[in-house]
Amino acid sequence: MATLNIQGHKVQVDDAFLSMTPDQQNSAVEEIAKSLPAGGADPGELADADARAKAGLAVAERNHALSPEERRASAGIDPSTSQPPGVPALPTEPGYNPLTGKIEGDDALSKIRTASGGILEGIPILGPMIRGGVDRAAAATIAGVSDESYEDVLRRIQAGTIAEKSMNPKLDRSSQVTGAVAGTIPAIMAAPEVFGIGLASKPASYAASMGSGAVINGLDGLVRSGGDLKKAGVGAGIGAATGLAAPFIAPIVGRGVKAVADNINLSAVARALGLDKKATSVLADAVKNDAVEPGALSQIGGDGMLMDLGPNLRHTAGAVAATPGEGKAIVRGAIGARDDAANWRIRSTLDETLGEAPTPSRIIDRANRNQQLLAPEYRAALRDAGPVDTLPIARYLETEAQTLRGEPQRLVQRVRSMLNHQPTPAEISGARALGQPAPGTTLVTDAAELLNTRHAIDDMLETTQGTNAVNALTTARQAVDDELRASVPGIKEVDAKYAELARQKEGVQHGQTVLSSGRESPRPDELAAEFRDSALPQGMQVGPSAVPVRLREGARAEIERIVGTNANDRVALQRLIKGEGDWNRARLSTLFGNDKAGAIIDLLDREKLFADTSNIVTRNSETAARVAAREAIDPGSSGGFGVREGFIAGGARGAARAAGTRAIESVIDALRNGGNEKAIADMGRALTSGPQQSAVLNALMKAGRGSPLQQSQVDRVARALLLGGSTTFNRP
């Protein structure tokens, strides 16, 4: 026996009560408590309560002796549903507690089912049919592999759905909203005009948005209410209202979300670069406005810097260079060091690409000495020569002298006089010793004298002006040369060597003119043909000619001369060697090949780019600094000088300088308002970073592009939320 205190009453229980399970004891205590009176009852009521308690205890003891099936039967439980008559079967998932109405130990699974089912059910108009179809398909599948009927399984699934939704009402509502939005977005993407997107007419856009909202919400209310027209009308009204609001609210939401996403993206880039957020924004805007392409930093060579990639970046660097502090020292130091090394950089690249530059005079002197060294070969050829017959040549020249006039006549007469042999003192003495008269003037018969005549004609040709005079001398020389060929065996082989050296001297001199822009310089096609033909051997020459080499050496020497006289003016250097058009590129390609010509042009273009950057950053920054100083002394004094005034004062260059100064001033203002000395110094380091710091450029390009989230995408999502999401507020 034991005594229990129940609601202030002492109740005696026997051993049968003590042998019950805790749940059975709780049930018995509840039955006893129901029979006990409230406090203050009289003795008669206490006696009746004691009797009822004993009766309840007897019932509990009797139920304790029954089997579970007998206990359910005595309570009137329907064996098919395990519920009182008329109550649907409860979910049979493991752990379901009928007292709490929750599935204990399986809450995550319940939430997953609620969320997935809510998304399907939330789709406007078609959602209930899709959800019902899924439930029926599941019921058919389970019934096919079990002994339960299709109706029982479907009833059990639907009851479980109701229970789970009641357990997670907020999750169910949010999932249905998600489904409504997700179901509306494809329709908006497929036919944006139907929802008022992209229509030129504002009234038409508003009307389309209202109409689509009314149709979607009205039909959804009609389907979910089982055909209730009142519900459909309410839904149409809500849809029309949200549809009218969508064209106004959605763009605002889109811009706001885009701005937030861009700001988050900018903050992430700033943290990654270790820069101030405002400084990162300034640099990213400059990169974006300059339309910098990926990999641009590596394309301008190892000495390139971020500031070289566009005018906005140059102006930003100029602003930093005009702002006192560490940033100014960084930018100016980097520019100064690069400018100081420009001459060495240009010369070393040219030497590496084209070889060291020769000295034209030394090449010509060497050719002259080599021509002089051919004298023994000429003497050897003349030793075996017979007498020459100059009479035909003399008669031809005499005839020409009769018909020609002026300078050609005088030159032909001079050549004719060279064919006269004047007797030597030895010849005169010999004749007298033999008792003969002194010999007079005769025609040349000695091959050596005729060879010297040809040399004299060559000298005359070098200084003769006028086409007729040159033609007359050339014809006379050809006549002399033909006689030497016939009378002196082997002389033409020696002539070929001499002529090759003469052509090489001409090649060196001509090569120094191929890059000029005057009329004397050859056109690209003319130089290509000349360069190709000059390699062919001439006359009795054996092997290819060295004239192409001399042409190339002459051009290389001229490039060196231009560099030596314009090394400090890289803009002029680029203009002189590259030229205004593409002729010099073609000429360089003919002489040195496409690859080397491209390397030279790229070098000059890079150096011109570096010079432009130096000019803008250092000179314009000085102008901006002077303007800022004048503004500090006399506020408002510098505000009126703009591009127009710059053009009036200095023409196009003055206007460009004024525009650059204005751009620098705006950047300076941004830095002063949002930055600090460390941020400006960090900007200076970023602007002077080279190709090895390409990650900096990539990060700034990412910041300039902003978040990948597009405002139009957010706009459509916002419209879908307003049009489709509003259907959930009218659902039963």
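A residue is counted as buried when its relative accessible area is under 20%, as exposed when that area is over 50%, and as partly exposed in between. In this predicted model, Asp612 has a relative accessibility of 25% and therefore counts as partly exposed. The partner of Asp612 in a salt bridge is Lys608, with an N to O distance of 3.1 Å. Lys608 is likewise partly exposed, its relative accessible area being 25%. Both residues belong to helix α27 (residues 594-633), where they are four residues apart, about one turn of the helix.

A second pair within one helix is formed by Arg685 and Asp682, which lie three residues apart in helix α29 (residues 677-687) and are thus separated by about one helical turn. The closest N and O atoms of this salt bridge are 2.9 Å apart. Asp682 is buried at a relative accessible area of 11%, whereas Arg685 is partly exposed at 39%.

A salt bridge also joins the side chains of Arg570 and Asp339, at 2.9 Å from N to O. Because Arg570 is located in helix α25 (residues 570-578) and Asp339 in helix α13 (residues 326-340), this pair ties together parts that are 231 residues apart in sequence. Arg570 has a relative accessibility of 9% and so counts as buried; Asp339, at 24%, counts as partly exposed.

Salt bridges also link Arg454, Asp481, Asp482, Arg485, Lys492 and Asp495 in a network. The model contains 27 salt bridges by the rule applied here.

Technical notes: Residues are numbered from 1 along each chain as its sequence is written. This is a predicted model: local features need pLDDT of at least 70, side-chain atom pairs count only at pLDDT 80 or more; totals for chains, interfaces and linings use all residues. Side-chain values use heavy atoms; hydrogens and water are left out. A salt bridge is a side-chain nitrogen of Lys or Arg within 4 Å of a carboxyl oxygen of Asp or Glu. Helices (H or I, at least four residues) and strands (E, at least two) are DSSP runs, numbered from the N terminus. Buried means under 20% relative accessible area, exposed over 50%, partly exposed in between (1.4 Å probe, protein chains only).
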